[in-house]
Amino acid sequence: MQNDNLKCGLKEHAQSRFVDTIEKEAYVWCEKNWKHDDYDHTHHRAQLTFVEEGYQYFHIDQKIYLVPQHHVIWVPSGKAHRISSEAQTVNLMVFLFRSVFNEDFYRHVHVFPVPPVLKEMLLYASKWNQLLTEDEEQDLFFKAILKSLPNFCKESSYLEIPVPSDLRLIPVCEHINSNFRYSLDTDLLAEKAQMSVRSLQRIFKNETGITLQKYLQLVRILKSIELLDTGQYTLSQIAYKAGYQSLSAFTASYQAIMKSKPAVKKHPQGVSS
């Protein structure tokens, strides 16, 4: 790790420790083929990340947030987070705000799809990419984006996967993540957690807010998103690889979670079927 790495305009003097020497209230940092660090980091600027291409996972407060293409995530200032992705290409726009409005919205993490008006605003803002000097139009425009966010936000809680804090449940989650193509074996999962099936179901629901079956569904949909992004498989192949017995079952499950129909990503080099 080199000292004084520049990341989104912030200088990383040591791993996960950032020094903010920028005087501007807000600025934007766009990058193609985004690279990730595998550790938590914090900074004293609130962050709005727009996923222009690909998808991104944010690991925050015992939850994994999926941020698909054309979605944004709001991360409050000082909130530790780590990002990861298996996408072939990740193009992000990161907006960093030193101060925010005094409303409850800005104190919590939010993930939501970008409506057309906000998308046009964010894309227009790319003309100020990495501009660290004062610009009156940019200052006013970014303040307008910031002020409008609560109105644009249609919370997408379906894009969160909870991570239980009870260590007995970690082997259960790991097993589901590795064997998502198969039906749940609650007896085996209870054995891994060293508790009865009934206790496992109750404790898992209390810890995560969802059932084991719902957790499996979320994992399968996340895996299908990764497969869709590769552009290498048909929808039927993806349905099978994600653990569904039919394309119709996969489509119904995907639509229930993502609120849209699954679509294979088209890559410039072509798609192999």
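This is a predicted model: local features need pLDDT of at least 70, side-chain atom pairs count only at pLDDT 80 or more; totals for chains, interfaces and linings use all residues.

Q: Where is the place of His70 in the chain?
A: His70 is in the loop between β7 and β8, where strands (E, at least two residues) and helices (H or I, at least four) are DSSP runs numbered from the N terminus.

Q: And what about phi of His70?
A: The phi angle of His70 is near 65°, which is a positive value in a residue other than glycine. Asp61 is another non-glycine residue with a positive phi, in its case of about 50°, and Asp61 sits in the loop that runs between β6 (56–60) and β7 (63–67).

Q: Ok, zooming out: how many helices and strands does the chain have?
A: The secondary structure comes to 8 helices and 12 strands. The chain has 273 residues, of which 46% count as buried.

Q: What share of the contacts links residues 24 or more positions apart?
A: Among contacts (heavy atoms within 4.5 Å) with a separation of 6 or more, residues 24 or more positions apart account for 70%.

Q: In what order do the 5 strands of the open sheet run?
A: The order across the open sheet is β4-β10-β5-β8-β11, and the pairing is antiparallel; two strands pair if DSSP finds at least two bridges between them. At the edges are β4 (26–31) and β11 (110–113), each of which pairs on one side only. Neighbouring strands of the sheet are turned by 15° against each other on average, with direction ignored, where the axes are lines fitted to C-alpha atoms (for helices over the stretch in contact) and angles run from 0 to 180 degrees between N-to-C directions.

Q: How many bridges are there between β4 and β10?
A: There are 6, and β4 pairs with β10 (residues 91–97) in the antiparallel sense. Val28 has Phe95 in β10 as its bridge partner, and Tyr27 stands opposite Leu96 in β10.

Q: How is β5 joined to β10 and to β8?
A: Between β5 and β10, which run antiparallel, there are 7 bridges, with Ala46 standing opposite Phe97 and Glu53 having Asn91 as its bridge partner. Strand β5 is also joined to β8, again in an antiparallel arrangement, by 4 bridges, and Gln47 of that pairing stands opposite Val75 in β8.

Q: Why is β10 described as largely enclosed?
A: Strand β10 is largely enclosed by the rest of the structure because 7 of its 7 residues are buried. Both of its faces are covered, with Asn91, Met93, Phe95 and Phe97 buried on one side and Leu92, Val94 and Leu96 buried on the other. For β5, 6 of the 8 residues are buried, so this strand too is largely enclosed by the rest of the structure.

Q: Which helix lies across the strands of the sheet?
A: Helix α1 (residues 116–125) lies across β4, β5 (46–53), β8 (71–75), β10 and β11, and runs at about 95° to β5. Helix α2 (residues 136–152) packs on the sheet as well, touching β4, β5, β8, β10 and β11, and its direction makes about 85° with that of β4.

Q: Changing topic, where is the place of Arg98?
A: Arg98 lies in the loop between β10 and β11, and with a relative accessible area of 39% it is partly exposed.

Q: Which residues does Arg98 touch?
A: Leaving aside residues up to four places away in sequence, Arg98 touches Ile22, Glu23, Lys24, Glu25, His44 and Arg45. The C-alpha atoms of Arg98 and Tyr27 are separated by 9.3 Å, although these two residues are 71 residues apart along the chain.

Key. Residues are numbered from 1 along each chain as its sequence is written. Side-chain values use heavy atoms; hydrogens and water are left out. Buried means under 20% relative accessible area, exposed over 50%, partly exposed in between (1.4 Å probe, protein chains only).
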